[in-house]
Amino acid sequence: MSEIIIYGSFYGTTKKYAEALSDKTGIKACSYKDVKDINSYRTIIYLGGLYAGGVEGMKKTLKNLTDITNKKLIIATVGLADPADKQNTDHIKSKMRTQISPEIYEKACIFHLRGGIDYSKISLLHKTMMNMVYKKALSVPEEERTAEIRAMIETYNKQVDFVDLNSLEPLIKCHLMSP
Ligand SMILES: Cc1cc2nc3c(=O)[nH]c(=O)nc-3n(C[C@H](O)[C@H](O)[C@H](O)COP(=O)(O)O)c2cc1C
């Protein structure tokens, strides 16, 4: 009973992960925009695309949780930065802490998945934002560039797809573990 996969996705990569997870677990997936009563679910799996460190829709959605005592929470971010790099995941996690309560952060199992981008398809606002990030990245001396900065420069204005549905396996294992 009462399990849900919720996703926040602009361009579909997070939705793709959410739908694959839904197929593998049999849990219904829906956009955070369509969630009616989040408190009625005992297990909540939230997947959100990363936008300037923010997890799309997460803050807005999870702030409606009133009592998490008996709940199972799983959160997965989907971004361009390589989650195999600890510096990247530390950075993502530090930003996440500013978006959700310490109780939710401590209780949730957190995962990081890799998404993709097609610059020819993103909105003008997002293009402008990425151009600013790119210029800032270029201004960092080469020897000081983190993996995240280097990946940003390498993928700028390109179409890249790092979606790997097998990377959902640890999340599925966590879901199967009790409670
Ligand atoms: C404006 C903008 C900001 C982004 N900021 C980040 C970021 O802070 N960290 C990151 O890893 N990826 C970032 N990305 C890349 C997206 O997280 C990535 O494309 C993701 O797969 C998008 O998910 P979606 O297709 O479900 O919307 C950004 C992309 C755009 C367009």
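**Briefing: a predicted protein chain with a ligand**

β1 and strand β2 (residues 29–31) pair in the parallel sense over three bridges. Two strands count as paired if DSSP finds at least two bridges between them. This is a predicted model: local features need pLDDT of at least 70, side-chain atom pairs count only at pLDDT 80 or more, and totals for chains, interfaces and linings use all residues. Residues are numbered from 1 along each chain as its sequence is written.

**Strand pairing**
- Tyr7 stands opposite Ser31 in β2.
- β1 also runs parallel to β3, joined by six bridges.
- In β3, Thr43 stands opposite Glu3.

**Overall fold**
- The protein chain has seven helices and eight strands. These are DSSP runs numbered from the N terminus: helices are H or I with at least four residues, strands are E with at least two.
- The radius of gyration is 16 Å, close to the 16 Å that the globule rule gives for 179 residues, so the protein chain is as compact as a globular protein of that length. The radius is taken over C-alpha atoms, and the rule is 2.2 Å times the number of residues to the power 0.38.
- Along its principal axes, the C-alpha trace spans about 50 × 30 × 30 Å.
- Of the 179 residues, 27% are buried (20 or more other C-beta atoms within 10 Å of a residue's own; exposed means 12 or fewer, partly exposed in between; C-beta atoms are placed from the backbone).

**Nonpolar cores**
- A nonpolar core is a set of buried Ala, Val, Leu, Ile, Met, Phe, Trp, Tyr and Cys residues joined through C-beta atoms within 7 Å.
- The largest has 27 residues, of which Ile5, Tyr17, Tyr46, Leu47 and Ala76 touch the most other members.
- Two or more residues each come from β1 (3–8), α1, β3, α2 (58–62), β5 and β6 (109–114).
- β3 gives the most to this core, with five residues.
- Apart from it lies another core of five residues, including Ala81, Ile117, Ala151 and Met152.

**Around the ligand**
- Of the 23 residues around the ligand, Ser9, Thr14, Gly49, Gly79 and Gly115 come nearest (a residue is near if its C-beta atom, placed from the backbone, lies within 6 Å).
- Elements giving two or more residues to this shell are α1 (13–25), β3 (43–51), β5 (72–79), β7 (116–118) and α5 (124–138).
- The shell has twelve nonpolar, ten polar and one charged residues. Ala, Val, Leu, Ile, Met, Phe, Trp, Tyr, Cys and Pro count as nonpolar, Asp, Glu, Lys and Arg as charged, and the others, Gly among them, as polar.
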